[in-house]
Amino acid sequence: THVTENPALDYLLDITATGTVAVIVPSLYNRQIAGRRVGNQCPIYVLHNNVDLEAFHFIDSRDNWQGPRPHISPGHKLICWIGRLEPLKRPLEFVHIAYRVSQLAPEIDFCLVGGEVFSPQRDQVLEEIQKLGLQERFQWLPAVLYQDMPRLYSLAAKSGGCVISTSAESFSMVMLEAMACQ
């Protein structure tokens, strides 16, 4: 499990009833949280998050994208947010951050990446972008192909950066991958 919010961990309360013999988590933090639910029912193993550095590294090119890519206005920088459009990931917080930044730095564009598959907040996020008048400086890419992610992270690293607004996460894969591409 990589979940850190208590309601999402309720399935761990009686984990042995499912025939589970062990739980695997990505961090010591997650082991501590899962341990509160699992107790002594079964062992909890930590397999730390890792990034394939063969795939994720800085690419100084805007060419060779296999799928959709963000557009940057001439002379502008780009700040990206990547994740599922759900309350835990707090995409609305990114929209509000973008609004505040846009007031101070009109040369920055924003890109929200994700939400094609699981997006309970999609409509709310897109409505908030409209309400705040950010539609000219904001783009939403529902998905970016996995093989294009290093290009996206590299583009953001070279141009502006990535924002992670999650409320509770052990250590985000987005953060690890973005760091590998700077």
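What follows is a chat about a predicted model of a protein.

Biologist: Before we start, what should I know about the model and its numbering?

Modeller: It's predicted, so local features need pLDDT of at least 70 and side-chain atom pairs count only at pLDDT 80 or more, while totals for chains, interfaces and linings use all residues. Residues are numbered from 1 along each chain as its sequence is written, and side-chain values use heavy atoms, with hydrogens and water left out.

Biologist: OK. How many helices and strands are there?

Modeller: Five helices and six strands. Helices (H or I, at least four residues) and strands (E, at least two) are DSSP runs, numbered from the N terminus. From that end the order is β-α-β-β-α-β-α-β-α-β-α.

Biologist: And how much of the protein counts as buried?

Modeller: 43% of the 182 residues. Buried means under 20% relative accessible area, exposed over 50%, and partly exposed in between (1.4 Å probe, protein chains only).

Biologist: Why is helix 4 described as largely enclosed?

Modeller: Because nine of the eleven residues in helix 4 (residues 149-159) are buried. Among them are Met149, Arg151, Tyr153 and Ser159.

Biologist: What do those buried residues pack against?

Modeller: Strand 3 (77-82), strand 4 (108-113), strand 6 (161-163) and helix 5 (173-180). Contact here means heavy atoms within 4.5 Å. After helix 4 comes Gly161, with a positive phi near 140°.

Biologist: Which residues does Pro142 contact, leaving aside neighbours within four places in sequence?

Modeller: Gly114, Gly115 and Glu116.

Biologist: Switching to the surface: which residues form a nonpolar patch?

Modeller: Ile24, Tyr45 and Leu47, with about 330 Å² of accessible area together. Areas come from the Shrake-Rupley method with a 1.4 Å probe, and for residues only the protein chains shown count as cover. Patch residues have over 30% relative accessible area and no salt bridge; like charges are joined within 9 Å, nonpolar side chains (Val, Leu, Ile, Met, Phe, Trp, Tyr) within 5 Å. A salt bridge is a side-chain nitrogen of Lys or Arg within 4 Å of a carboxyl oxygen of Asp or Glu.

Biologist: Is Tyr45 fully exposed or partly exposed, then?

Modeller: Partly exposed, at 48% relative accessible area. Tyr45 sits in strand 2 (residues 44-46).
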